[in-house]
Amino acid sequence: MIGEVTGIRRIRMLYLQLLYRCNFECLHCFHGERLQHADAFALDEAISLMTLMRDDYGTEAVTLLGGEPFVYKHLGDVVRYAKQELGQQVEICTNGYRIERRLTEIAPHVDLLRVSLEGIGSTNDHIRRKGSYQSALDALELAQTLGVRTGATMTVTSRNITEVLPLARTLQGLGVEQLKLHCLRPVGNAAAHPELLITDTAAYARLRDHLQSAELAIEVVVDEDLSEHGAPEICAPEGGPREIERIEADPRGALTMSCKAVGKDSHAFWYDKDADRILHRPSSTDELTLAVPDVVYAHV
């Protein structure tokens, strides 16, 4: 269905939000009240969608998210099926809080563990949860011991923008390969915390300059909103067969290919869990937008 409507023939990665539920209530979380919703993929639904994406669109990788994916009771089964049966590259995005036992069990089937951090020590714990900073570092160290590659994400806010470089250097010392930086969008929980928004229009430019001159060994990747020219309003296809980097499925089955869709309820495509097929549900407010590649600002 996606191919017929858009001309897209290949989608490299599936971002699969297994559930909304989380053991954190981060101040900036874009899910907001949905963290309390019960929507989730059943095990057979998750397996069916991963299989459909591989067979129909040549998807070669899956990133498992939530909510918190380690809260999902079938995480091990999903990971093992994705790796052993589908031959996927498997990445998990997690808060890293007390995941040691389950991580040890699934480590042979995980290619990359990406942990979310929002600064150093108390800066991170204020935004996320008390004790979460040290727990995240412990998870990263354990992953290294288990032979799992590691990465991290950070949402840049007014509270932590000065700690991007210190955090990058801390992660570099732990052998973490990559730090992804995201722009805060005023949706979900962040809508209730305007103090986290960056109002200094020159702040991002200074951050990019600091990253370029820092000579870091860790790769630092910024999303398109933090890049020099910002994200385009619409990343429309030019027609004909083409590839895109990713598609994201939320726990309801809504599919997003947009770099600007966070917080919107309007989706042109849905995964029908009962029928195991993708449906086209256009509306007057839909924009056909495709994911834009992130920008690398510092690397080896």
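The legends below describe close-up views of one predicted model. Local features need pLDDT of at least 70 and side-chain atom pairs pLDDT 80 or more, while totals for chains, interfaces and linings use all residues. Residues are numbered from 1 along each chain as its sequence is written, and side-chain values use heavy atoms, with hydrogens and water left out.

**View 1. Strand β3 and the strands paired with it.**
Helices (H or I, at least four residues) and strands (E, at least two) are DSSP runs, numbered from the N terminus. Strand β3 covers residues 89-94, and five of its six residues are buried. Buried means under 20% relative accessible area, exposed means over 50%, and partly exposed lies in between (1.4 Å probe, protein chains only). Two strands pair if DSSP finds at least two bridges between them. Strand β2 (residues 61-65) pairs with β3 in the parallel sense over four bridges; here V62 has V90 as its bridge partner. Strand β4 (residues 112-116) also pairs with β3 in the parallel sense, over four bridges, and I92 stands opposite L113 of β4.

**View 2. Two β-α-β units that contain β3.**
One right-handed unit is made of β2, helix α3 (residues 75-85) and β3. Another right-handed unit is made of β3, α4 and β4. Right-handed means that, with the strands pointing away from the viewer, the path from the first strand over the helix to the second runs clockwise.

**View 3. N95 and its polar contacts.**
N95 lies in the loop between β3 and α4. Its relative accessible area is 3%, so N95 is buried. The side chain of N95 makes a polar contact with the side chain of N23 at 2.9 Å, and reaches the backbone nitrogen of Y97 at 2.9 Å. A polar contact is a pair of N or O atoms within 3.5 Å; within protein, one must be able to donate a hydrogen and the other to accept it, and residues adjacent in sequence count only if both atoms are side-chain atoms.

**View 4. The aromatic pair of F24 and Y97.**
A search of the whole structure finds two aromatic pairs. F24 and Y97 form an edge-to-face pair, 5.4 Å centre to centre with 65° between the planes. F24 is in the loop between β1 (8-17) and α2 (43-57), and Y97 is in the loop between β3 and α4 (100-106), 73 residues apart. F24 counts as buried because its relative accessibility is 2%; Y97 counts as buried at 11%. Rings of Phe, Tyr and Trp (its six-membered ring) pair if their centres lie within 6.5 Å; planes under 30 degrees apart count as stacked, over 60 as edge-to-face and the rest as tilted.

**View 5. The aromatic pair of F41 and Y271, with K273.**
F41 and Y271 are stacked, 6.5 Å centre to centre with 20° between the planes. The pair links the loop between β1 and α2, which holds F41, to strand β10 (residues 269-272), which holds Y271; the two residues are 230 residues apart. Both F41 and Y271 are buried. K273 lies over the face of F41, 4.4 Å from the ring centre. A charge sits over a ring if NZ of Lys or CZ of Arg is within 6 Å of the ring centre and within 35 degrees of the ring normal.

**View 6. R246 over the ring of Y15.**
The charged end of R246 is 5.7 Å from the centre of the Y15 ring.
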